[in-house]
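Please read the points with the sequence and the model at hand.

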Amino acid sequence: MKLDVDVLRYLSKDDFRVLTAVEMGMRNHEIVPSELIGRIASLKHGGTYKVLKNLLKHKLVHHDSSKYDGFRLTYLGYDFLAIKTMVNRGVFTAVGRQIGVGKESDIFEVASEDGTVMAMKLHRLGRTSFRAVKSKRDYLRHRSSFNWLYLSRLAALKEFAFMKALEEHGFPVPNAVDCNRHCVVMSLIQGYPLVQVKQLQNPDTVFETIIGLVVRLAEHGLIHCDFNEFNIMIDDDEKVTMIDFPQMVSVSHRNAQMYFDRDIECIYKFFGKRFNLSFEEHSDDIDNSEVDPDESSRPSFSSITKTAGFLDKELAASGFTRKDEDEIQKFIEGDVEEDDLSHGEHDSELCQTNIKGFDSLHLDQEEPTSSCNEEGQVDENLQTSEAGQSGDPEGQNSSSEEEDNEQKGDKDDTELVKSLAKQRRRAMAQARKGHKNTASRNSYKDKGGKSSNSSKIQKQLSSW
């Protein structure tokens, strides 16, 4: 669908208010009912249907009456909402020509108030040329249902986050300016896609620079997954710039090695065909196990270590799980094995103490019978008499202390039982107070005629 910005001049506040109402309704509805749009928009003088008719004429919304009368946003209406927000923020004031078309996005030139030319990327997932987004991309993650507009918004947010982080770490990427909905505004690269370049003055240095970028990304914990001649820009001074980042994944992804080898193979194949660079050591397939990665110049995934940082953790790249995050935290703290052993011993000691305490509680709760009590008292009296006859004062003191401790423990237990019983009674009383006695439906009969008359008749019969 062609973006005609001239229509944007003639749209009123009510038009954008209704467009926003349709967008809000699409959070819970695939087709937003007309009544719900009117309630959300809440125009002062009504007229929501008239505004919807005007938006439908410019193809900003789509009407569907198969199940009920409703509307949904089109990509053109979503574009207008994003552009209007960017203009209100002062990011740019003019939209120019289209400079690029991809399977997932369209790119336009925009200009700020001071005349600076930038690039505006509008993500358009769901085209007929690339509809396998759910299986090829990880925008949905754990979600089962999806909307193309929502997927485009997620892709834009992800690309903006990756662009910001890579720029802060010194990677050659465009400068990310702002992001809203499915729109990303970035600096315009003064160069050409590598696929359009036929000759290079120093193809060897450019090749080494590009391979070095792939390895450097992996050292930071990221894999581009689409690193080819279409996503590499080069200027007149042969300076390389990377673009297109929504599909990036972590090196912890289960298919990370396949993605890494595919990026490397794309660069080797392109430079070998286009610039006739020879790579004698890698005439065989990349999966050939006979080739030693240490002796070869081609970078391998197994030889790369994450020494430069953890960008996949900071950006929550695909494949980076909570378990990986815990392992990184342990690695940063150090002495992982010693900590695990100490924690295991400490946990075993705690379990033993808890078991002992549990057994002691059960022993205290079991009350002996009267005969057992009498026998225990007789045995204790015999022991104390024997201790007194032997003249051992320490034995007497210890036995008396044990008796005192037992009596104190019994008193504590009885007090706890009493307090718990009191709390239970209070709770029951409060519950009974909360439920008031409600009269039955036929209670009015007891107040008046039938029941009272029947009792009088019974009294008269008994007197007779």
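1. The model is a predicted one.

2. β1, β3 and β2 make up an open sheet of three strands, in the order β1-β3-β2, with antiparallel pairing. β1 (32-33) and β2 (61-64) are at the edges and have a single partner strand each, so one side of each lacks a neighbour in the sheet.

3. The pairing of β1 may be followed at residue level. Two bridges connect β1 with strand β3 (residues 70-73), and the two run antiparallel. Within this pair, Pro-33 is found opposite Gly-70 of β3.

4. Together β4 and β5 form a hairpin, and three residues lie between them. Val-95 stands opposite Val-110 in β5.

5. Does the length of helix α7 agree or disagree with what its residue count predicts? Helix α7 (residues 203-219) has 17 residues, which at 1.5 Å a residue should span 24 Å. The expected span is taken as 1.5 Å times one less than the number of residues. The end C-alpha atoms of α7 are 24 Å apart, in agreement with that expectation.

6. Just after the helix, Gly-221 adopts a positive phi of about 95°.

7. Most residues other than glycine have a negative phi. Glu-238, which is not a glycine, has a positive phi near 60°, and Asn-276, also not a glycine, has a positive phi of about 55°.

8. Where do Glu-238 and Asn-276 lie? Glu-238 belongs to the loop between β11 (232-234) and β12 (240-242). Asn-276 is in the loop between α8 (256-274) and α9 (311-315).

9. Is each of these two residues buried or exposed? Glu-238 has 17% relative accessibility and therefore counts as buried, the cut-off being under 20%. Asn-276 is exposed, because its relative accessible area is 64% and the cut-off for exposure is over 50%.

Methods. Residues are numbered from 1 along each chain as its sequence is written. This is a predicted model: local features need pLDDT of at least 70, side-chain atom pairs count only at pLDDT 80 or more; totals for chains, interfaces and linings use all residues. Side-chain values use heavy atoms; hydrogens and water are left out. Two strands pair if DSSP finds at least two bridges between them. Helices (H or I, at least four residues) and strands (E, at least two) are DSSP runs, numbered from the N terminus. Buried means under 20% relative accessible area, exposed over 50%, partly exposed in between (1.4 Å probe, protein chains only).
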